[in-house]
Amino acid sequence: MTSVHPNSTTTTRFARRFLISLSRMRRPITLGPPSDEEVCRRTRRIKLAAYSSMARAVGSRRAWSRALLLKVRNRVRFQGILRNRFLASKKKRVIKRNKASGEMNKTDMLRKLVPGGETMDICGLLEETAHYMASLATQVKVMQSIVDQYSK
Amino acid sequence: MSSRRSRSRPSSGVSRISEDQIIDLVSKLQQLIPEIRNRRSDKVSASKVLQETCNYIRSLRREVDDLSDRLSELLASTDSNSAQAAIIRSLLME
């Protein structure tokens, strides 16, 4: 298994994409402090930008980043109308197969946490988990340093 | 648990997943989780590793939530000039 830690290129790519997304979120021209709803909406957009930027920085190299990008794209396109009916039925078939062979509950929990984890075999799941975890840690580190920069 | 795993299910086209492969991957995961790495104990069960992995991923996600909240507040409170300055500073830091 090759190193899971994101190299500096991926980290830089993520940081740039994320910062550009942030700079696009301009404060509305309305006077006065932003409403709670506006703040909520912006928080959601920031969170989405963070996950998307990381997935794009990783690219199509990993199954989890592919799955995450697909989910983001479908969320934008279908807004819950179609909800990936094909994938949902494939998921059910795979989950049934896994349960039959006696997989542990903790593995199922992990499948829910890792993007695309539901349809992976155990080896793939463990590999993707390692990479996903390392990328998440990097994402947190970069976001924290941006917050620190802003607070200066 | 391990003996069941080595008899892989007869799925078409998928190669046998060996117990060694899984043990190897689990131990690699072990190295990545701060909780377990810092405790310096070699004998950690796979079940514990999976549990800690789930906990760690959840805590990382929570951190992303918190940081998104803070960024949202910071974006709202700072004017556009200092926001751009902060962003440029961050870019130069890389």
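In this predicted model, the side chains of Lys48(B) and Glu52(B) are joined by a salt bridge with an N to O distance of 3.0 Å, a salt bridge being a side-chain nitrogen of Lys or Arg within 4 Å of a carboxyl oxygen of Asp or Glu. The two residues stand four positions apart in helix H4 of chain B and are therefore separated by about one helical turn, where helices (H or I, at least four residues) and strands (E, at least two) are DSSP runs numbered from the N terminus. Lys48(B) is partly exposed at 32% relative accessibility, whereas Glu52(B), at 9%, is buried; buried means under 20% relative accessible area, exposed over 50%, and partly exposed in between (1.4 Å probe, protein chains only).

Over all chains, the whole structure holds six salt bridges. Another of them links Lys28(B) to Asp24(B), whose closest N and O atoms are 3.1 Å apart, and these residues, four apart in helix H2 (residues 19-32) of chain B, are likewise separated by about one helical turn. Lys28(B) is partly exposed, with a relative accessible area of 28%, and Asp24(B) is partly exposed at 39%.

In chain A, a salt bridge of 3.3 Å (N to O) connects the side chains of Arg62(A) and Glu128(A). Because Arg62(A) lies in the loop between H2 and helix H3 (63-78) and Glu128(A) in helix H6 (residues 122-150), the pair ties together parts of chain A that are 66 residues apart in sequence. Both Arg62(A) and Glu128(A) are buried.

Chain B contains five helices and zero strands, and of its 94 residues 35% count as buried. For residues 50-77 of chain B, an unreviewed UniProt entry gives the feature "coiled-coil region", an annotation that may be inferred rather than shown by experiment. This span is 100% helix and 0% strand, and its end C-alpha atoms lie 41 Å apart.

Asp69(B) is situated in helix H4 (residues 46-77) of chain B and is partly exposed at 36% relative accessibility.

Residues are numbered from 1 along each chain as its sequence is written, and chains are lettered from A in the order in which they are written. Local features need pLDDT of at least 70 and side-chain atom pairs count only at pLDDT 80 or more, while totals for chains, interfaces and linings use all residues, and side-chain values use heavy atoms, with hydrogens and water left out.
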